[in-house]
Amino acid sequence: MKKKFETEAIRTQTERSQFLEHSTPMYVTSSFVFEDAEDMRASFNEEKERNIYSRYSNPNTNEFIEKVCKMEGAEAGFAFASGMAAVFSTFAALLNAGDHVVSARNVFGSTHSLFTNFLPKWNITSDYFEINDVASIEELIQPSTKIIYAESPTNPGVDILDLEELNKIAKKHQLILIIDNCFASPYLQQPIQFGADLVIHSGTKLMDGQGRVLAGITVGSADLIDKIYRFSRITGPALSPFNAWVISKSLETLAVRVDRHCENALLLAEFLEKHPKVNWVKYPFLKSHPMYEIAKKQMKAGGTVVAFEISGGLEAGRQFFDAIKLLSLSANLGDTRSIVTHPASTTHSKLTVQEREAVNITDGMVRVSVGLEHIDDIIQDINQALGV
Ligand SMILES: *Cc1c(COP(=O)(O)O)cnc(C)c1O
């Protein structure tokens, strides 16, 4: 019988060794030994499924992949050293020179930079659609288009895209739909249910959730993952066994952590909505969010990130960040520790002012990744930093 999410996250486990350990051990080894000449030949010829070399596979990375596949309802996956390694390797494995990608304009800063500054080196081009105009994708599709790419919720503006709409367009034009599901985590949203072919995560965020390791993963249909695997086992972006062990353990507590993250984030969002020094607040599960209904349909809760704008622009923003005492000024998110970020001067500083304006990143915009400290302390710190 198919077990529930929480149970799979805890009970999906690599085979025990002869020591019958309860917690999965670490297989910190670069390679694995063969029994004999025949075993060596058959293993290398892929006549049997087994670990050969940790660039290809390893019991700890396998366990991590299996868990995420169960959580996302995916057939297969490959684990990477970082979220960006997952993004880059997925594109590099699936695209040829001359191919074209249609992506949401609002994507993670490094992903945007990959499309704009690096993929063109291999003659892979891209066009962006506006997140509030998904229908415009059809005008951007060319004969060479292979992939539609989007995030929901988006970083840092927590905008929501209608995954079913995206899927309709992708299916109609026989394109591969790839969703970066990092902001939701597999606990809140499973894009494959809505038709996505591949789902990408930065495991660095909610999956580890404790600010320790970088990790990434792509999961989805077995035939696409096979192409990604073929590319990756040669080029070497694999996740390390140690980091895989850490993150696989983290997934055991994903559901309870994310529940509390979302509870705290909603309380903070509601507080900020009433604050006189705040121009606007965006959080997917606030009724004022323009895509509230779609968020409710796609997600179990609103996620860990709240975006808001301080009145008074850049100078008021600077004062706010200098006044923060408890929360961390950092670029990560989805961590137990609440983090405040200024997207315009950090994650999205490589974009031009025009590019930032196009994705609604204003000078006074603050992104809060709401952590697991007591909500009263989180609100107290933000309130005092707003200067009341
Ligand atoms: C952080 C992030 C990435 C990149 O992940 P890394 O692990 O930092 O390489 C990709 N997409 C989104 C939405 C992210 O937030």
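Good morning. Setting aside neighbours within four places in sequence, Asp159 touches Asn106, Ile131, Ser152, Pro153, Thr154, Lys282 and His289. Please bear in mind that this is a predicted model.

Where does Asp159 sit? It belongs to the loop that runs between strand E4 and helix H7, the latter covering residues 163–172. Is Asp159 buried or exposed? Its relative accessibility is 8%, and because the limit for buried is under 20%, Asp159 counts as buried. Among its contacts, Lys282 deserves a separate remark: the side chains of Asp159 and Lys282 are joined by a polar contact of 2.4 Å.

I turn now to the sheet. Seven strands make up an open sheet with mixed pairing, and their order is E1-E7-E6-E5-E4-E2-E3. The edges are taken by strand E1, residues 76–80, and strand E3, residues 125–129; each has a single partner strand, so one side of each lacks a neighbour in the sheet. On average, and ignoring direction, neighbouring strands are turned by 20° against each other.

Strand E6, residues 198–202, and strand E7, residues 216–220, pair in the antiparallel sense over five bridges. Within this pair, Leu198 has Gly220 of E7 as its bridge partner.

Finally, the helices. Helix H4, residues 83–94, packs on the sheet and touches E1, E2, E4, E5, E6 and E7. The direction of H4 makes about 150° with that of E6. Helix H9, residues 222–235, lies across E1, E5, E6 and E7, and runs at about 30° to E1.

Thank you for your attention.

Definitions and conventions: Residues are numbered from 1 along each chain as its sequence is written. This is a predicted model: local features need pLDDT of at least 70, side-chain atom pairs count only at pLDDT 80 or more; totals for chains, interfaces and linings use all residues. Side-chain values use heavy atoms; hydrogens and water are left out. Two strands pair if DSSP finds at least two bridges between them. Helices (H or I, at least four residues) and strands (E, at least two) are DSSP runs, numbered from the N terminus. Axes are lines fitted to C-alpha atoms, for helices over the stretch in contact, and angles run from 0 to 180 degrees between N-to-C directions. Contact means heavy atoms within 4.5 Å. Buried means under 20% relative accessible area, exposed over 50%, partly exposed in between (1.4 Å probe, protein chains only). A polar contact is a pair of N or O atoms within 3.5 Å; within protein, one must be able to donate a hydrogen and the other to accept it, and residues adjacent in sequence count only if both atoms are side-chain atoms.
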